[in-house]
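Please look at the sequence and the 3D structure together before reading on. The report is meant to be read with both at hand.

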Amino acid sequence: MAWPTVSAFERLLREHGETRGLIGPRELPKLWSRHLVNSAALSGFLPAAGAVADVGSGAGLPGIVLAALRPDLAFHLVEPMQRRIAWLEEVVEALELPNVELHRARAADLHGRLRVDAVTARAVAEIGKLAAWCLPLLGPGGRLLALKGRSAADEASAASATLRRLGVVRTRIHAVDVLGTSDPTTVVELTVSRPERR
C-alpha cells in the first residue's frame with residue numbers, strides 16, 4: 001500500500017479533480033508538492049493505534065493520503081457535501097481502502113456519536129472555530145492535528161483563551177519538511193486533557 005496507493009490517488013485527482021470541482025486548474029501542476037506531500041506531513045503525528053477523523057475531507061486531503069500511509073488505523077472521513085462524498089466513495093473503492101468509513105455530516109453532527117484518538121483537518125476554518133467543531137470528537141488525551149499556513153502561531157495565540165476553555169492543555173506548532181526541500185509544512189497540534197487518575 002502506502003506510496004503506490006498515493007500515486008494512484010494522484011492520478012485520479014489529475015484526471016478528474018478539475019472537472020468535478022475538487023481541484024483548481026492552477027493546482028494540478030502542484031498536486032504532489034502542495035497537496036499530497038503536504039497531507040503526508042501529518043502521518044508522523046498520528047496515534048500508534050486506534051481511529052482518526054478527517055474533518056472537511058473534500059477531495060480526500062489529507063484523509064485519503066493518510067489512510068493509504070497508515071492502513072493500521074481506522075479513518076472516518078467527514079464531509080457534508082454529497083458530490084464530494086460521491087467522489088470519496090469512488091476513490092475508496094478504486095484504491096481498495098478497507099480502513100475508511102465515510103460520513104456525510106458536519107463535525108458537530110457527530111458530537112456524542114463518534115469518538116476518535118485524533119482529528120485531522122486541512123483548510124477548514126480558523127483554529128478556534130475548528131477546535132470547537134473537532135475537539136468533542138476526541139477521547140481523553142486525543143489530539144487535533146491541523147495543517148495551517150505560516151501565520152499558524154499567531155492564529156493559535158489569538159485563540160488561546162478559547163482553546164483553554166475547550167480543554168486544550170498543550171498547543172504545539174511544528175514545521176515539517178517531508179521531502180527535505182526547505183519548504184516545510186506547518187502542523188498545529190492541540191492536545192486535550194486526560195481524565196484524572198483515581
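## About the model

This is a predicted model, in which local features need pLDDT of at least 70 and side-chain atom pairs count only at pLDDT 80 or more, while totals for chains, interfaces and linings use all residues. Residues are numbered from 1 along each chain as its sequence is written, and side-chain values use heavy atoms, with hydrogens and water left out.

## The nonpolar cores

A nonpolar core is a set of buried Ala, Val, Leu, Ile, Met, Phe, Trp, Tyr and Cys residues joined through side-chain atoms within 4.5 Å; buried means under 20% relative accessible area, exposed over 50%, and partly exposed in between, with a 1.4 Å probe and protein chains only. The largest such core has 39 residues, of which F9, L13, I64, V65, F75, W87 and L95 touch the most other members. Two or more residues each come from α1 (3–16), α2 (31–40), α3 (63–69), β2 (74–78), α4 (82–95) and β5 (138–148), where helices (H or I, at least four residues) and strands (E, at least two) are DSSP runs numbered from the N terminus. With six residues, α3 gives the most to this core.

Leaving out residues up to four places away in sequence, V65 touches V6, F9, L36, S39, A40 and G60, a contact being heavy atoms within 4.5 Å. There is also a second, separate core of 28 residues, which includes V55, V78, V168 and V192.

## Helix α1

The 14 residues of α1 reach 20 Å from first C-alpha to last, close to the 20 Å expected at 1.5 Å a residue, where the expected span is 1.5 Å times one less than the number of residues. In α1, the residues T5, V6, A8, F9, E10, L12 and L13 are buried, and what covers the buried residues of this helix includes α2, α3 and α4.

## Two buried residues

A107 lies in the loop between β3 (100–103) and β4 (116–122), and A107 counts as buried because its relative accessibility is 6%. Not counting residues up to four places away in sequence, A107 touches V55, V78, W133 and L137.

K148 lies in strand β5 and is buried, with a relative accessible area of 18%. A polar atom of the K148 side chain lies 2.5 Å from the backbone oxygen of A125. Apart from neighbours within four places in sequence, K148 is in contact with A125, E126, I127, E155, T186 and V188.

How values were computed:
A polar contact is a pair of N or O atoms within 3.5 Å; within protein, one must be able to donate a hydrogen and the other to accept it, and residues adjacent in sequence count only if both atoms are side-chain atoms.
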